[in-house]
Amino acid sequence: MIAATTVPKLAKKARLRFDRHEGQHMLLYPERGLLLSQSAAAIAERCDGTRSVSEIAHQLAATTQGATEEQIERDVIAFLEDLAARGLLEST
């Protein structure tokens, strides 16, 4: 379970890349790729093992209009739980 205090980090097998053909970020992992929305890419970029989920949500809330920090934190947790289920996340 991902909590607000969790410090997420992308798994070593996962690489975040920008696909210039698609014009979107992709999370690449062995024999697969996951096309990310702009908001998902913004979360993935911050999963470097130095920020907690609540810190990531706070940073995104500062640049996002129309959503509260609590809503953003729930979205961050949902995305990270999806990554964790795919084995693409390490947490400390």
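Me: Which residue of β4 does L27 stand opposite?

Reply: L27 stands opposite L34 in β4. This is a predicted model in which local features need pLDDT of at least 70 and side-chain atom pairs count only at pLDDT 80 or more, while totals for chains, interfaces and linings use all residues. Residues are numbered from 1 along each chain as its sequence is written, and side-chain values use heavy atoms, with hydrogens and water left out.

Me: How many bridges join β2 to β3?

Reply: Five bridges join β2 (residues 15-19) to β3 (residues 24-29), and these strands run antiparallel. The bridge partner of D19 in β3 is Q24. β2 and β3 form a hairpin with four residues between them, where G23 in the turn has a positive phi of about 70 degrees.

Me: What is the strand order of the open sheet, and which strands are its edges?

Reply: The three strands are in the order β2-β3-β4, with antiparallel pairing. The edge strands are β2 and β4 (32-35), since each pairs on one side only. Neighbouring strands of this sheet are turned by 30 degrees against each other on average, direction ignored.

Me: Why is L16 called partly exposed?

Reply: Buried means under 20% relative accessible area, exposed means over 50%, and partly exposed is in between (1.4 Å probe, protein chains only). L16, in strand β2, has 21% relative accessibility, so it counts as partly exposed. Leaving out residues up to four places away in sequence, L16 touches several residues, among them L10, M26, L27 and A44; touching here means heavy atoms within 4.5 Å.

Me: How do you know whether S52 and T6 are buried or exposed?

Reply: S52 has a relative accessible area of 9% and is therefore buried. T6 has 10%, so T6 is buried too. S52 is in the loop between α1 and α2, and T6 lies in the segment before β1. Setting aside neighbours within four places in sequence, S52 is in contact with A4, T5, T6, V7 and P8.

Me: What makes the pairing of S52 with S54 a polar contact?

Reply: A polar contact is a pair of N or O atoms within 3.5 Å; within protein, one must be able to donate a hydrogen and the other to accept it, and residues adjacent in sequence count only if both atoms are side-chain atoms. The side chains of S52 and S54 are listed at 3.1 Å, so the distance is within the limit of 3.5 Å.

Me: Where do the buried residues of α2 lie on the helix?

Reply: In α2 (residues 53-63), V53, I56, A57, L60 and A61 are buried. Seen down the axis, they fall within an arc of 135 degrees, so they line one face of the helix; the arc is that of the directions from the helix axis to the C-beta atoms. On the other side, A62 and T63 are exposed. The buried residues of α2 pack against β1 (8-10), α1 (38-45) and α3 (69-85).

Me: What is the angle between α1 and α3, and what is it called?

Reply: α1 and α3 pack at about 75 degrees, with their axes 11 Å apart. Angles under 35 degrees count as roughly parallel, over 145 as roughly antiparallel, 65 to 115 as roughly perpendicular and the rest as oblique. The two helices are therefore roughly perpendicular to each other. The contact is made by A40, I43 and A44 of α1 and V76, F79 and L80 of α3. Axes are lines fitted to C-alpha atoms, for helices over the stretch in contact, and angles run from 0 to 180 degrees between N-to-C directions.

Notes:
Two strands pair if DSSP finds at least two bridges between them.
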